[in-house]
Amino acid sequence: MTQTQSAPPATVPAAPPPGASQPAPNARTANPRGAVAQWFEGTPGRMRAFLILAAAMSVVFGLAAAQGFSQSEGALDRAQANTAQLVRIQAIHTNLVSANADATNAFLVGGLEPPDQRAHFVNSLAAAAGLIAEAATAQPADRDVLGALNKTLITYGGLIEQARANNRQGLPIGSQYLKDANSVLQDDSLPLVKALVEANEKRVDTEFDGIGKGTIWVLAGGLLSLVIFAITLRWLARRTHRYLNVPIAAGAAIVLLTTVIGGVALAGASSSAKDTRSAEYDRTLALSRARIAAYDARSNESLTLIARGSGDAFDKAYTAAAAQVDEQLGKVGGSGGNLQRLWTAYKNVHTKVRTADGTEGNWDGAVAMAVGKNTADNSVATFSAFDASSNQQLTRTSTAVQSELKDARDGLPPIGWLGIPIGILAALLVAWGMSQRLEEYR
Amino acid sequence: MKKLIPLAAATALLLTACGNGNYAATQIPAKETPPTTSTTPAAPRPCADGQSALASYAPDAETPAPGGAMPAGSWMAKIKERGRLIAGVSADSFNLGYRDPITGKIQGFDIDMIQAVAKGIFPDADTNPNRVELRVISSPARIPSLRDTKNPVDIVARNMTINCDRWNDIAFSAEYYRSGQKTLVQSDNPAKSTADLSGQTVCAPAGSTSLTNLKEKNPKVKAVTADTDTGCLVMFQQGKAQGISGDDTVLAGDVAQDPYAKVLPERFSDEPYGLGISLTHPEFVKFVNVVLQQMKDDGRWKTSYDKWFALALGKAPVPPVAVYGRVPVHG
């Protein structure tokens, strides 16, 4: 190619005649490689080369923009889906520990369970079962573990019903079934739920991190294209002595505009997703964790009483769970003040329960508080107040996460599917602009 | 240049592949398998002083009469000062020590013994439920709960067999009931004795004399353990154990809760029950012995037996005769 470089300017007017005779040597040599080389020969050849390069780059830019947008949109969609799944799994967890808190508390009152508590237990377990089916559809990767979880819940439910049947007949073996049920939940079910929570938290993190990555595609594709457009325009201007090739410049403008709009939009979506992550999403996580730990603490309060004096391990578990509630409520921030107050009210009753049972040896008095028979110090009522209020806040924040992520996604310009048409348009403009110059060589 | 286009397209497609929604399946967490400790139990220790296992400390002139004033410095005075007797009991051995699911009260033959001891120290024990703190303990926790340095129990009434091995760790009252080990099987089991149960799984509480006796009686049975007697009954009802070996008192409670179980008639050991007390309080042991003797003499023992066991085990036998002669090592 280099040896022809000096020739073109001189042969500009003489170009058409050789163009007419071109097919002849082509046919003679019948060498395709020679034909390609000839096609790129001289100024028109270089024009063709630039045409192809710029047009191809336009299409690649279109692809990159589309890729960048669909990657970011996909990450936003998946972040939304995965946070929804995480909230679902946390709800399963909450329902299970809340059912177990009912069951262990019912043990303290014996066979005569309060109907409300029984209904709450049944509803919690039913809600967990429904959520498991929902979660298995929403995230196929979780299906195996959810299946295993379902199996443990069948065992758990069976043991609870056996415990009740025996309790109703006044047979002490009922308590053993209850103990076994509790250990199935603690040792078999909850580790599965914890594995699910971990896996989904990881997925949410991955997707939140991925939202910003789409920007790189758009910016890299756009900048590279603009460089090539600039080189092409500069070369054309020098070679043809025209300042501006309007169609090609228009193509460059389209690329620039798309890059700027796309980059700004993606950066905006990514930063609003980041805000959601550090505000509502974190608050949702903290609230879920606080609720789970609270139910855990409540179960352990009952278990400590059930163990009647040999429940040190349960009491320690209560202390750990209660500290976890405090820690998580601290992360909830502003709206957590009311919750902290309700939680402290429950903790105060718990302290009285422990004093009655541990220090005074007044087990019956402690149980009266724990099952809500003591109206002044009512562990049931104070806990319910915390439960209801925290549940309300959790619903609010998790809905906010969903709608904010949806807004971020819906606010994106439709470059995901417009990217390729835009690239093709730019390529066509390049072809048009270049063909105007190529015409002059006919 | 043309060649680069498909190449670029291919790389673009390749890069698209990352960051899609195909996640690796969530892993089912591996179960923590508790280490299978195949510890061979230590050989039972003999009585250090060569006395018979049944021999307890004889009451002496310093032992106060139940209901009277407790001598200063004695453990009874300490209990009185505290305001309540702390007893380690079972809450799941039907008729011995169990929690009535309907009333929520722990009751049974063992609990009657505790109540009598409490009444000996606190005359108002019958009317004031706070005079006794019943601590529910598991079978393996009986001796540790007495020897605990912080917050130990005063007395254990949890169908505990008196033997020399345990005398090395704790003291016993005089015998208050003579039980014996039997084996429970499903009602359609053709076995006539424990010898016929080779190869079958039989449950006994961990750390109990029943477990040792069972292995001695027929080493070919597959022994499994649970934490409590009732734990064994649950395993039996779930088909995880084909039989339960234990004291006839406990098995009587099991049969009462499960009509598809029967107790084989063969009785292969003597299980004299005693109340467990710390070795450091011999004066309390002597006091408890006085209380037990009073119960046996004035018919309260028989009343209690009739209430809890007559239905399952037949007419009341003669209460076991107290054996004394052991001299406390401490004080």
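Some ground rules. Residues count from 1 along each chain as its sequence is written, and chains are lettered from A, ligands numbered from 1, in the order in which they are written. In this predicted model, local features need pLDDT of at least 70, side-chain atom pairs count only at pLDDT 80 or more, and totals for chains, interfaces and linings use all residues.

Confidence next. pLDDT is the predictor's confidence in each residue, from 0 to 100. Chain A has a mean pLDDT of 85, with 91% of its residues at 70 or more. For chain B the mean is 87, and 90% of residues reach 70 or more. A contact here means C-beta atoms, placed from the backbone, within 7 Å. In chain A, residues 1-29 stay under 50, and the model has 13 contacts for them beyond four places in sequence. For the complex, the predictor gives an ipTM of 0.80 and a pTM of 0.78.

Now chain A. The UniProt record, an unreviewed entry, places "transmembrane region" at residues 49-69, 216-236, 248-269 and 415-434. UniProt positions follow the numbering used here, feature names are shortened, and annotations may be inferred rather than shown by experiment. What does the model show over residues 216-236 of chain A? That span is 100% helix and 0% strand, with its end C-alpha atoms 30 Å apart. Residues 415-434 of chain A are also 100% helix and 0% strand, and there the end C-alpha atoms are 27 Å apart. Helices (H or I, at least four residues) and strands (E, at least two) are DSSP runs, numbered from the N terminus.

On to chain B. It divides into domain 1, residues 56-176 + 274-326, and domain 2, residues 181-270. Those bounds come from an automatic or database domain assignment. The C-alpha centres of the two domains lie 27 Å apart. Domain 1 gives 14 residues to their contact, and domain 2 gives 17. On the domain 1 side, β3 and α11 (310-313) are the elements with two or more residues there. That side has six nonpolar, seven polar and one charged residues. For the classes: Ala, Val, Leu, Ile, Met, Phe, Trp, Tyr, Cys and Pro are nonpolar; Asp, Glu, Lys and Arg are charged; the others, Gly among them, are polar.

UniProt also lists residues 84-312 of chain B as "domain: Solute-binding protein family 3/N-terminal", in an unreviewed entry. That span is 35% helix and 24% strand.

Let's look at the sheets. Two strands pair if DSSP finds at least two bridges between them. Chain B has an open five-stranded sheet, order β6-β2-β7-β15-β8, with mixed pairing. β6 and β8 (171-172) each have a single partner strand, so one side of each lacks a neighbour in the sheet. Inside, β2 (residues 85-89) and β7 (residues 155-157) run parallel, joined by three bridges. B:Ala87 stands opposite B:Ile155. Helix α3 (residues 109-121) packs on this sheet, touching β2, β6 and β7, and its direction makes about 170° with that of β2(B). Axes are lines fitted to C-alpha atoms, for helices over the stretch in contact, and angles run from 0 to 180 degrees between N-to-C directions.

Chain B also has an open three-stranded sheet, order β3-β4-β5, paired antiparallel. Its edges are β3 (92-93) and β5 (106-107). Two bridges link β3(B) to β4 (residues 97-99). B:Asp92 has B:Tyr98 as its bridge partner.

Last, the interface. How many residues does each chain bring to the contact? Chain B brings 39 and chain A brings 42. In chain B, α1 (4-17), β4, β6 (132-136) and α7 (229-237) each supply at least two residues. The chain B side has 21 nonpolar, 11 polar and seven charged residues.

Definitions and conventions:
Contact = placed C-beta atoms within 7 Å.
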